[in-house]
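Biologist: Please pick one part of this model and walk me through it slowly. I'd like to know how it sits in the whole.

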Amino acid sequence: MKSIKSAIHFSLACAAVSASTVALAQGGRGGGAPVELDAERLIPAEQTIDPDYDVPRTSWGDPVIEGHWSTDDMRGVSSQRSEEYGTQEFLSEEDFLERARSQQRGRDSAVETETFLRNEWGTRTFGFSSMVVDPPNGRQPGQTEAGLELAAANRSGGTFGSEHFHVFNDFSMYDRCISRGINSGMGAAIYGNGIIIAQSPNSVAITYEMIHETRIIPLDDRPHLPLDIKQYAGNGRGYWDGDTLVIESMGFHPKVRVGAATPSDQMRTTERIRRIDPEMIEYRITIDDPVSLEAPYTMRLMWTTQPDYYVWEYGCHEGNGAVGNSLSGERAWERDVAAAIAAGEPPPGRDGSVYGAPSADAEIFDINAGE
């Protein structure tokens with residue numbers, strides 16, 4: 001497999017380098033001459049890494065994008081750009097090295113100490129200052145008043161919110177193992193960031209590892225579905241623009257946010273998927289909803305290969321106790337409230353969070369002891 005090596009100055013600030021390369025380079029920081037790295041990847045904004053790279057072709061002539069990919073290398077890249085960077089698309093030398101160190105510490109912690117809810121880390125460090133690339137300041141546009149009203153009407157607090165749990169509709173589509181929508185390909189969650197792409201002459205299938213959703217994108221010029229049919233990932237229609245797969249989607253269900261917005265009937269997304277070398281796909285998505293958003297915006301991230309990464313079945317429903325346990329906990333709390341009121345005592349309060357450290361008097365035991 002072809003690999004490109006480039007020694008680059010950090011003034012370019014657009015390298016994606018392996019953890020081992022960064023570790024070797026850290027000692028050279030500080031004072032005088034610009035730092036150089038033997039970089040695995042140099043990502044110019046609008047061109048392939050290697051101008052001589054020939055994208056492989058399927059037997060029917062389309063660019064090959066199928067395979068197992070991951071967004072793990074996007075961990076640490078914020079969605080929105082810090083305001084101090086303005087229109088600067090790439091990190092400074094100092095901040096790039098700090099990101100690389102932070103990611104290396106995260107990888108070490110995941111391998112050496114973490115067990116439950118272990119974070120998964122990639123193998124490259126990218127110098128992007130944000131995932132948002134348009135508008136030029138790297139900031140998501142605000143929501144309109146209509147967008148805020150739409151969000152409130154479709155809000156589900158879920159286990160990451162502070163809402164009560166009366167019925168299953170109080171939980172998000174994510175909690176209920178139903179959908180994360182196309183958000184699954186727009187960043188790195190704690191784990192399960194794999195993406196499988198499969199191709200045929202008249203369609204492309206994209207499967208997201210977490211919540212095991214699959215999108216089937218027709219390439220045969222069929223029209224979009226009527227707008228009264230809503231789908232969690234929208235209904236997409238694709239075509240090839242040179243070596244780039246373009247997917248235009250509409251008909252999003254408002255219960256699943258798309259980026260910064262709760263979808264209205266007018267939401268449209270345009271995704272551009274382009275293989276730029278044997279180990280990377282550049283993914284861009286433009287989100288446009290004149291009802292919910294003050295302006296459209298575009299995000300750019302990389303789908304990359306990872307050593308020995310394979311997407312297995314994501315058995316979400318089979319191991320999901322969040323909904324049942326939370327509802328039973330809510331009923332227990334209601335019984336405690338009723339008992340306190342009957343006894344003339346103040347009812348117990350809420351701490352407003354499901355997650356957090358255990359109380360000082362909590363019983364501690366080893367779940368692996370077999371007792």
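Modeller: Let's start with surface: accessible areas come from the Shrake-Rupley method with a 1.4 Å probe, and for residues only the protein chains shown count as cover. By that method, the chain has about 18800 Å² of accessible surface, and carbon and sulfur atoms own 52% of it. This is a predicted model, so local features need pLDDT of at least 70 and side-chain atom pairs pLDDT 80 or more, while totals for chains, interfaces and linings use all residues. Residues are numbered from 1 along each chain as its sequence is written, and side-chain values use heavy atoms, with hydrogens and water left out.

The chain has 371 residues, and 45% of them are buried (under 20% relative accessible area; exposed is over 50%, partly exposed in between; 1.4 Å probe, protein chains only). Its secondary structure is made of four helices and 15 strands (DSSP runs numbered from the N terminus: H or I of at least four residues, E of at least two).

Now for the close-up, helix H4. H4 runs over residues 322-342, which is 21 residues, and spans 30 Å from first C-alpha to last, close to the expected 30 Å (1.5 Å times one less than its number of residues). Val323, Ser326, Leu327, Glu330, Val337 and Ala340 are the buried residues of H4. Looking down the helix axis, you'd find those buried residues within an arc of 140°, so they line one face of H4 (the arc uses directions from the axis to the C-beta atoms). Turn to the other side of H4, and Asn325, Arg335 and Ala342 are exposed. Just past the end of H4, Gly344 has a positive phi of about 75°.

Arg331 and Glu334 are about one helical turn apart because three residues separate them in H4. As a rule, an α-helix has 3.6 residues a turn, so residues three or four places apart point the same way. Both partners are partly exposed, Arg331 at 26% relative accessible area and Glu334 at 29%.

How does that pair sit among the others? The structure holds 13 salt bridges. One of them joins Arg105 and Glu98, whose closest N and O atoms are 3.0 Å apart.

Glu271 is buried, at 0% relative accessibility, and so is Arg215, at 6%. Elsewhere, Asp73, Arg124 and Glu279 are linked in a network of salt bridges.

Links across the sequence show up in the contacts as well (heavy atoms within 4.5 Å). Of the contacts between residues at least 6 apart in sequence, 65% join residues at least 24 apart. Take Ser184, in the loop between helix H3 (145-153) and strand S8 (194-200). Ser184 is buried, with 5% relative accessible area. Beyond its neighbours within four places in sequence, Ser184 is in contact with Tyr208, Met210 and Glu213.

Notes
Salt bridge = Lys/Arg side-chain N within 4 Å of Asp/Glu carboxyl O.
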